[in-house]
Amino acid sequence: MTIKSPRSAANNISLVLNTVLGNDRFDRGPVNVGELALEYTRQISPHSHIEQVVARDLPGCEGALVPGDTKPRRWAIMHDRKQNAGRRAYTIAHELGHFVLHRQLVDEDPDFDGGFHCTKEAVEHGAGRDIEKEANEFAANLLMPLDDYRRRIPSDQLAGLDRLGDASDRYGVSLTAATLRWLEYTTTRAMAIASVDGFALWAKSSEAALKSGRFLRTKSDLFELPAASLAISKLSRDESLEGIQQKAGVWFPEPAFEMSMRTDRYDFELTLLHFEGKAPAYQDEDDFQDSYTQFFRLGTRA
Ligand SMILES: [Zn+2]
């Protein structure tokens, strides 16, 4: 099997869907990824495709791609029963990514005898082995194709939580997934921070924000949000969503426009920061850190 890039593998499927359903397909609804997993794999691998997509109780696991014992292999995708629709779509797309990109490992690497079992951190953030990052990238590209997303929110426009919420509805994914995807392509300076009880779980900056030094450091495992931040303040939900202008010194040595809301599962606060102006035109690549910071070392904890 030739090695494919996650992005091109997902884009090839998107092109087929555009041809069959039209370039305006997202106006009529998100990718039906459960159906797609069955039909697409039957086409590319008629004798060894995904036969079932099923909900299960999967303790400690968000989803799995599991092979049967007989050969040619018969496959199933399992997703945790407790997921809402947005998380389910992302999980199924992630497992389809393992099928398209990695299924040969089941016969080549004893570590994958039982298939692919993916944690929440692997599905949401691609944490863990490289294959998790690849499956995560495949899922983001399949569910939120950049050409369509850019038509909704142009690269050079700042997007608030309201517009990102519209995007999450359009693509049938969580607000977090839609926000992370936007941060990947926007040329504006913005960053997202997830927090619980005033402490950051993870933070991600757009490339332009990163280039201008707007990222959170991981020197200690804990990052406490500023006392003036919305996630800590007692503003109403609507006021937090609308956002406030924070003075220089609250988050960074420059002002920031801050919005905040509780996420779909109400298990953490999502904070979005917008900064004015553009990033410096040039900075040495070596100075860049990964735009993604995970506090608590998600996915690597024993
Ligand atoms: Zn995985």
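Visitor: Which protein atoms are the donors of the zinc ion?
Guide: Look for N, O and S atoms within 2.8 Å of the metal. In this predicted model, the protein donors are His94 (NE2), His98 (NE2), Cys118 (SG) and Glu132 (OE). They lie 2.0 to 2.2 Å from the zinc ion.

Visitor: What arrangement do the 4 donor atoms make around the zinc ion?
Guide: Check the angles. Four donors count as tetrahedral if all angles lie between 85 and 135 degrees. Here the donor atoms subtend 93 to 131°, so the arrangement is tetrahedral.

Visitor: What spacing do the donors follow along the chain?
Guide: The spacing is H-x3-H-x19-C-x13-E.

Visitor: Is His94 buried or exposed, and what of Glu132?
Guide: His94 is buried. Glu132 is buried as well.

Visitor: Now the charged pairs. How many salt bridges does a search of the whole structure find?
Guide: Side chains of opposite charge can pair when their charged atoms come close. The search finds 17 salt bridges in the whole structure.

Visitor: Take Lys82. Which residue forms a salt bridge with Lys82?
Guide: Asp80 does, with the closest N and O atoms 3.3 Å apart. Now compare accessibility at the two ends. Lys82 has a relative accessible area of 62%, so Lys82 is exposed. Asp80 has 6% relative accessibility and therefore counts as buried.

Visitor: Which residue forms a salt bridge with Glu124?
Guide: The partner is Arg87, and the closest N and O atoms are 2.7 Å apart. Then place both ends on the chain. Glu124 is in helix α5 (residues 120-125) and Arg87 in helix α3. The pair links distant parts of the chain, 37 residues apart. With a relative accessible area of 11%, Arg87 is buried.

Visitor: What distance, N to O, goes with the salt bridge of Arg189 and Glu254?
Guide: Their side chains meet at 2.9 Å. Arg189 lies in strand β5 (residues 189-196), and Glu254 in the loop between β7 (244-246) and β8 (256-262). The pair therefore ties together parts that are 65 residues apart in sequence. Both Arg189 and Glu254 are buried.

Visitor: Which residues do salt bridges that share partners join into one network?
Guide: Follow the shared partners. Asp27, Asp148, Arg151 and Arg170 are joined into one network.

Methods
Residues numbered from 1 in each chain as written. Predicted model: local features only at pLDDT ≥ 70, side-chain atom pairs only at ≥ 80, totals over all residues. Heavy atoms only, no water. Donors = N, O, S within 2.8 Å, 3.2 Å for Na, K, Ca; no water. Tetrahedral: all angles 85-135°; square planar, octahedral: opposite > 155°, others 65-115°. Buried < 20%, exposed > 50% of the residue type's maximum accessible area, 1.4 Å probe, protein only. Salt bridge = Lys/Arg side-chain N within 4 Å of Asp/Glu carboxyl O. Helix = DSSP H or I, 4+ residues; strand = E, 2+ residues; numbered from the N terminus.
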